[in-house]
Amino acid sequence: MQIHYWIIHILIIFGLIGGLIFKATTIFEGNINKFGDRKQVSKWGKFWHYIGKFFKNFFSKKFWFIVLAIFLDVLFHFKLLREKPLKWFIHTLMFWGLFLLFILSVLSGLAVEILPAFGYHPGTSWVIDMLADMDNRWTALFNDGLNAMITIGVLLALIKGFVQKKKIKMFEMLDVVLICFIGFILVSGWFTEASRYLAEETPYYIAKFGFMGYWLSIIMKAISPSSSPEIWHIWNRAWWHIHLTTVWLSFLYIPFSKLSHVIFSSVAASVNSLEKRLKIKELLNGKD
Amino acid sequence: MEKTKNKINAKKFTISELLDIQGCTRCGICTDLCCAYAASSDVEISPAKKISLLKKRLDYKYSLLGRITGQRELPEKDLVELEKAAFQCTLCGRCETECPVNLGLKDVWISLREALTEEGRYPANLEMLKNMLLKGKNISFETNETRVDWINQVEGIPDDKYIKKSAEVVYFVGCVSSFSPRVFKIPRSMVRLFQIAGVDFALMGEDEWCCGFPLLGAGFKEEAIQFAEHNIESVNKRGAKYLVSSCPTCFHVWKHIYPEMAKAQMDKFTYPDPVLSDKLNFKVLQEVQFLYKLACEGKFKLGPVNKKIAYHDPCDLGRSSGIYDEPRELIKLIPGVEFIELKHIREDSKCCGGGGNLEAASPELSAGIAKIRAQEIIDSGADIVISSCQQCVRTLAGALKKEKSKIKAMDISELLLESIEGTAE
């Protein structure tokens, strides 16, 4: 990847962090104390107060409660599973799909861009070779499998959002924009993959593992059978840029979108779940 | 979006509450559980809609444009809806029981009321309630001197009417039981039970002020702290070992909110000038806990009550305080009782409609909620429904009567006394 991509990438990360900090400043408008803070405490003061509290809990017996809270209420949402299995299924498809795809992308990025700079040579590790090779069957299968998971999740969310019986309008503009972003990232990703297969004339026995891109490449080829690999290469670069730009824009949009709940809900769920579990423990121990 | 000044004050919320507001995923589970929504089918008062409007309003105020101009506000129609949603709620807390993110919604609703009250957006009835409380120190139109008038019907009361300067137990009667004739039976039964068990107890008379929850629930936090200060001092000076309350809300306030207020004021980081420095030098118990303790100690000789009895969990005793077993165990101690559980019990119990100042803000909605619970009681086939809350007894008795049901709604103290005195029909 060229240097200007890296610069944009880093700027986008800063933008994401900046957006989250901006949103967090609204949260830190509040009081520490339920019954009002008589003393003016700055936002930084409040921030460090909570950081201190976090580490105090982290290095205590409460650590295991934190782990339990993250496991049950943040990662697996057992309460949602119990109450609304369909919603849980949709959420699981989208959350785990995006989460694992993000991890896979970061690892692939490391394998392709970072590790060679540190003197890594292909053939040293099969795992890194696999991550670096987009045509590796496992990488392609995993990538497209996750894509398919997210797609099913998005489609089900859309259907459920528009068909639900309840009169309450739970489906808001923020959700639509978010689903459009995710959908566009997915679609542009398939087009990028499909045009690459066509540009590189990837044989079927390799391309079949990237099944979403492969099926699309068949359709694209049928629509424009006379296009040369060079033409497909141009399309590939165009789609890659569109895909990358959408990913970047969605990163900037995260703090202001419904996707911000990934961060805020996770923190809220962990904190509230920890408090609840500690309260139950106190009740069981007869301290209350 | 209107170009008017957005007056919502985020400082009325805690950091944890603001995090909860941002963390809401609008999954809608809370709406499925909301008693007010179930009774009204009005989506505008559902918890999901309420939090969504609140979040939007905060986001407008603290957006980049909002911070610069201060003029990003919801349309007036939405603001009216937010006010309606905030006050048409019993604060029963059922919305937070199944929240996948464990949001502390009840606290958010109380702070929302406080924020709206500061803007002058609250039902007119609550202004009257506030004035009554500040003037009379209770929620009735009566003066506080008449607080123990209910005791006049009890046989064998001493001249001091148990208003003593010191005792082992202070009985905190609560405003509704003190001033609402429909539930006078509750404090009267409690006094008889204390007499039978030989408990050294005291009433506080006019020294007993409202616990302050109606003020908190209406959004007047500062005023509620003054009430706490007075009440803690009054009980402490009597040197009591126990404070016993019949009202679960008073109990919840004494047990959880007063210590939280006091603890908050001891935090030098946020409170350099504590006004509430008194510690609670006594143990706080709800009537059901104290009566169960006395029953287990063999202080009562229980006679048979051959009835089918169901128990209704009061929100502030159950969900807010985690007391589910003692009342059930106490009822089961009575010979002849056939105990039945209602469909929705313990943490999942439905509200009676009597909480959160809803009767003052919207009596029809309160009655609608009570009707749903009354129907569940009728369907259970019980002869008597027991609760350990004067407000639940009052609202359920009214709703059962409206449904032309013969089921009696009673407080647990009344049932116990009937069992001891053999007066059960």
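User: Before we start, how are things numbered here, and what counts?
Analyst: Residues are numbered from 1 along each chain as its sequence is written, while chains are lettered from A and ligands numbered from 1 in the order in which they are written. Since the model is predicted, local features need pLDDT of at least 70 and side-chain atom pairs count only at pLDDT 80 or more, but totals for chains, interfaces and linings use all residues.

User: Which domains does chain B have?
Analyst: Domain bounds come from an automatic or database domain assignment. Chain B gets domain 1 (10–122), domain 2 (143–291) and domain 3 (294–421).

User: How many residues do domain 2 and domain 3 of chain B each bring to their contact?
Analyst: Two residues are in contact if their C-beta atoms, placed from the backbone, lie within 7 Å. Here, domain 2 of chain B brings 30 residues and domain 3 of chain B brings 28.

User: Which helix gives the most to the domain 2 side of chain B?
Analyst: Helices are DSSP runs (H or I, at least four residues), numbered from the N terminus. On the side of domain 2 of chain B that touches domain 3 of chain B, α10(B) gives the most, with eight residues.

User: What about chain A: where are its domains?
Analyst: Domain 1 of chain A covers 77–162 and domain 2 covers 185–273. Their C-alpha centres lie 12 Å apart, and ten residues of domain 1 of chain A touch nine of domain 2 of chain A.

How values were computed
Helices (H or I, at least four residues) and strands (E, at least two) are DSSP runs, numbered from the N terminus.
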